[in-house]
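I want to look up how the chains meet, then pick one residue and see what surrounds it.

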Amino acid sequence: MRKKWGNIGNKTIPFIFLAAILVFWQLIVDRGIIARYILPSPVDVILVGMKILPEIKVHLYTTLQEALTGLMVAIVFSLLLAMLMDNFSLIQKAVQPLLIVSQTIPTMVLAPLFAMWFGFGLLPKIMVVILVCFFPLVVSLLEGLNSLDPDFLNLMKSMKANRWQMFYLAKFPSALPNFFSGLKIAATYSIIGAVIGEWMGGKAGLGVYMTRVRQSFALDKVFATILIIVFLSLVLFKIIELIQFLLMPWRRAINK
Amino acid sequence: MLRRLLIILFYWERRINIKLRVSNFTQQYEGMPIIEDVSFYLQEDEFVTLIGPSGCGKSTIFNMIAGIVPIDEGKVSIDGEDCTGKIGQVSYMYQKDLLLPWKRVIDNTALPLIIKGDSIKEARKKIIPYLALFGLEGFEYKYPAQLSGGMRQRAALLRTYMFSKDIVLLDEPFGGLDAITRSKMQYWLLEVADQVRASVLFITHDIEEAIYLSDRIYVLTERPARVREEVAISLPRPRAREIVTSAQFNRIKKHILFSLS
Ligand SMILES: Nc1ncnc2c1ncn2[C@@H]1O[C@H](COP(=O)(O)OP(=O)(O)OP(=O)(O)O)[C@@H](O)[C@H]1O
Ligand SMILES: [Mg+2]
């Protein structure tokens, strides 16, 4: 009985908690404890969000375009680097330590630099996205490629498999779970990366829009934009989860 | 003189049809000797077992024959030809079943064909006639995680067989199975071996299994492995399950038990 309660709780408790926070927030603003122009209430944010949707659409598309382009490029490059490192131990030895050290650099701080180098078009934003997505992808891919029991490779060797066959028949599929964990992180980073890139200036994008409404002190619109960014990241995350679900049918079979 | 002798030896080997000969295997692992001067042979259509204590170096001997590990000292010859360190000359089943979790049974068993360059469609077509013989009918589209231990071993065996070399190395294929399944699988293996006519080199540390299956048994010592004794099993074939309770069977069993300790 108690166990059952625990199971229900695991899913509903966070929702109840979130609802409680929102109600509390709404009350604080409605009672005038905090002024509206400093903190808009949740209801305000949602209403404004719906109102600005038509004008924000173009910004949303731009940000999405930058994020997805950057993510794709990062996937391709991380795959290439991971394959190289996996096949050539010299490259692995040379790159691995740098990779780990570079993880500690907050890549976002490079955004102003990119703006100076590449101007105010899409390119500097895409560069930020590539950079923030690249490392979680490479690291998770390498981890995945190393997770395979080496006896699988010995078995394939005994069947005269070549290196490419060992890679695509055994190594790569075994790296998929790790790859997808990395991809989910990278996907959420990609939206934030694009927005931060846009803060440095540009014609369109959620980051550009945010800067504009902030400068006119429309705090409710800032909040609404943040909400949209969060929502976008979540949707991307869920899409990747769905792709993983579709690409890895054997996992479903095990759970049945 | 030596030449003459070699020629005579060569024809003698041809006459009794030696498929595989291992000569003077000696191997170290990280400076520790694990195999010492091990020699044996396998005739055509023969079932030969290497029996020895856990960790004595049996799997290492198989890895050496298959060319997976570099050989310190010794020679492998197959059909009279030197195949030392040569890969792809034998069908080799590992101690672990090593089924790829993301491939269905039919594609797992087709792996050797895929590696040889068949398309998935062609490979599947070639597998289908063997599913019944290997007791996998109805399971071909399941994933390995959905199978019982016995079924997984059958799948691993079929995959080994699909590499289609006439020498088959089986490393403790039934090691992880319960006694009942194990006994069924042994009986089944004899039937299959009879139908597909292969020369089988088998590893186990189960004495009864060794006697029941084999024509000859090599008893190995503790690490470093040496050949302590060669035992010919003259039990008649085909062998019924009850043979394990016969007096002759128990005499051999006692003998090997004594030899092992
Ligand atoms: N790759 C390896 N990693 C660790 N130890 C190894 C390896 N290869 C050989 N050895 C050592 O060599 C010895 C022989 O190993 P091997 O696997 O050949 O024994 P085995 O007779 O097959 O044992 P088992 O009955 O447990 O399968 C072991 O004691 C082991 O410590
Ligand atoms: Mg072993």
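This is a predicted model: local features need pLDDT of at least 70, side-chain atom pairs count only at pLDDT 80 or more; totals for chains, interfaces and linings use all residues.

First, my term: I call it a contact when heavy atoms lie within 4.5 Å. By that rule, 22 residues of chain B are in contact with 21 residues of chain A.

Residues are numbered from 1 along each chain as its sequence is written, chains are lettered from A and ligands numbered from 1 in the order written, and side-chain values use heavy atoms, leaving out hydrogens and water.

**Interface**

I looked up buried area (accessible area, 1.4 Å probe, that two parts lose on being put together, summed over both). Chains B and A bury about 2,200 Å² between them, and 73% of that is on carbon and sulfur atoms.

Next I checked salt bridges (a side-chain nitrogen of Lys or Arg within 4 Å of a carboxyl oxygen of Asp or Glu). The rule finds two across this interface. I noted A:D149 with B:K96, whose closest N and O atoms are 2.9 Å apart.

**B:Q27**

Is B:Q27 buried or exposed? I get buried (under 20% relative accessible area; exposed is over 50%, partly exposed in between; 1.4 Å probe, protein chains only), because its relative accessible area is 5%. A polar atom of the B:Q27 side chain lies 2.9 Å from the backbone oxygen of B:P70. Leaving aside neighbours within four places in sequence, I list contacts of B:Q27 including B:M32, B:I35, B:M64 and B:E73.

Notes:
A polar contact is a pair of N or O atoms within 3.5 Å; within protein, one must be able to donate a hydrogen and the other to accept it, and residues adjacent in sequence count only if both atoms are side-chain atoms.
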